[in-house]
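Hi,

Here is the structure I promised to pass on.

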Amino acid sequence: MGNDVLRLRNMAFYAYHGLFPEEEKLGQRFEVDVEIYGNFRGYAQNGGEGAVNYPEVYAAVEAVVTGERFGLVESLADRIAQVVQARFGLTQIVVRVRKPNPPVSGHFDGVEAEVRRGI
């Protein structure tokens, strides 16, 4: 694993993922974290050349979360990792997807799936 990490934390999107018909119809909020690992040494001296453009990472995540549909947060996290890893040529990435208010009776902070690629 690279020594350095770039984190995009708590990106929030409204989407329609889930197994229940109500989730497809009503939608809900999803939160996403992406961690990109690498060696960022020298970026300060070369003006950031070769660095990952995090607004583009955000846009790629948003396109997956709002443009595709998945029954499981695990599947959504896996797809985000695939897209971001391929688009930016990354070897090491962690993606977390949270569903803060799943349609489950009980009291808890939500559901989170984490996928790790190359780590």
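Predicted model: local features only at pLDDT ≥ 70, side-chain atom pairs only at ≥ 80, totals over all residues.

Below is what turned up, starting with the sheet and ending with the pocket.

Residues are numbered from 1 along each chain as its sequence is written, and side-chain values use heavy atoms, with hydrogens and water left out.

There's an open sheet of four strands in the order 1-2-3-4, paired antiparallel (pairing takes at least two DSSP bridges; strands are DSSP E runs of at least two residues and helices H or I runs of at least four, numbered from the N terminus). Strand 1 (4-15) and strand 4 (111-117) have a single partner strand each, so one side of each lacks a neighbour in the sheet. On average, neighbouring strands are turned by 15° against each other, direction ignored (axes are lines fitted to C-alpha atoms, for helices over the stretch in contact, and angles run from 0 to 180 degrees between N-to-C directions).

Strand 2 (residues 28-38) and strand 3 (residues 93-99) share six antiparallel bridges, and valine 32 sits opposite valine 97 of strand 3. Helix 2 (residues 54-67) packs on the sheet, touching strand 1 and strand 2 (contact means heavy atoms within 4.5 Å), and its direction makes about 35° with that of strand 1. Helix 3 (residues 73-88) lies across strand 2, strand 3 and strand 4, at about 35° to strand 4.

As for the lining of the largest pocket, it divides into eight nonpolar, three polar and three charged residues (Ala, Val, Leu, Ile, Met, Phe, Trp, Tyr, Cys and Pro count as nonpolar, Asp, Glu, Lys and Arg as charged, and the others, Gly among them, as polar).

Cheers
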